[in-house]
Amino acid sequence: MRSFLKILEITSWVLLISGLITLLGFTTIEHNSKICKRYVIKIDYGKADVLITELDIYSIVKSTGNLLKGQELGSIDFERIEREIKRQSYVANAQAYMNLDGVVEIDVIQRQPILRIFNEKGESYYLDGLGNLLPLNPAFTARVLVASGFIPESFSTKGCFLIDSIKKKDSLEYHSVINHLYKLSTFIIKDKFLKAQIEQIWVDSKGEFELIPRVGNHTILLGGVNDLEDKFERLFVFYRMGLSKTGWTRYNIINIKFKNQVVCSKI
């Protein structure tokens, strides 16, 4: 008797599960046969200027053979859409999916450029907050810090310059100007005062850095990117205790390269 009841219980569970699977199958088939009436593209720009638009994203979607609106939900290739959008230079991440109402949603995160570089060959490109090099967009310009001068590195689409360099710590690439610019520019943009004050970075023939401020007619000689906290702390103190009394136009050069010193001169 117990064996019979056990078999009956197992059979009931099998029938219940089979019924649920069949029901879900029919539901999925019915849902996939529905027509997409609407799609939504959302782009998270963070604090950056616009480099890619909803129209740009939809053009990528169309290039995959998906039109979305008027298309059966089951025929939409979400994986390919995501893959192609992620290949776009300005895209950090993307997700494509349909919600419970059958609306197709595409969520995009734009990369955050922090520096525009003009290298010694006359080429120009962006560096983003993760160390990636980004091409210029002829339709939009990001209002970011500018670096120019003796910068040998050309634009590369191979990936994250910073990560590639860290993997090759013993190579010349690890000591590249780009990596030093990344360290300096990320330090500057994280400080509210420096972000507002520093307008341009100049790289001299020795690979040392000069900073051009927005306020004042002076140039700040920084030297290398070592001891940045100490160097800028001395600059803050001099601005507060020195230039606030003598005026912002008295000196042409403010040298903070050397430890425990702020050397000023007027040309």
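Author: Two strands count as paired if DSSP finds at least two bridges between them. Helices (H or I, at least four residues) and strands (E, at least two) are DSSP runs, numbered from the N terminus. This is a predicted model: local features need pLDDT of at least 70, side-chain atom pairs count only at pLDDT 80 or more, and totals for chains, interfaces and linings use all residues. Residues are numbered from 1 along each chain as its sequence is written, and side-chain values use heavy atoms, leaving out hydrogens and water.

Reader: Which strands stand at the edges of the open sheet of 3 strands?

Author: The pairing is mixed, and the strand order is 1-3-2. Each edge strand has a single partner, so one side is left without a neighbour in the sheet. The edges are strand 1 (39-44) and strand 2 (91-98).

Reader: What is the bridge partner of Tyr39 in strand 3?

Author: Strand 1 and strand 3 (residues 104-110) run parallel, joined by 6 bridges. Tyr39 has as its partner Val104.

Reader: What angle does helix 2 make with strand 1?

Author: Helix 2 (residues 54-63) packs on the sheet and touches strand 1, strand 2 and strand 3. Contact means heavy atoms within 4.5 Å. Axes are lines fitted to C-alpha atoms, for helices over the stretch in contact, with angles from 0 to 180 degrees between N-to-C directions. The angle is about 125 degrees.

Reader: Is Thr219 buried or exposed?

Author: Thr219 lies in strand 10 (residues 219-223). Buried means under 20% relative accessible area, exposed over 50%, partly exposed in between (1.4 Å probe, protein chains only). At 17%, Thr219 is buried.
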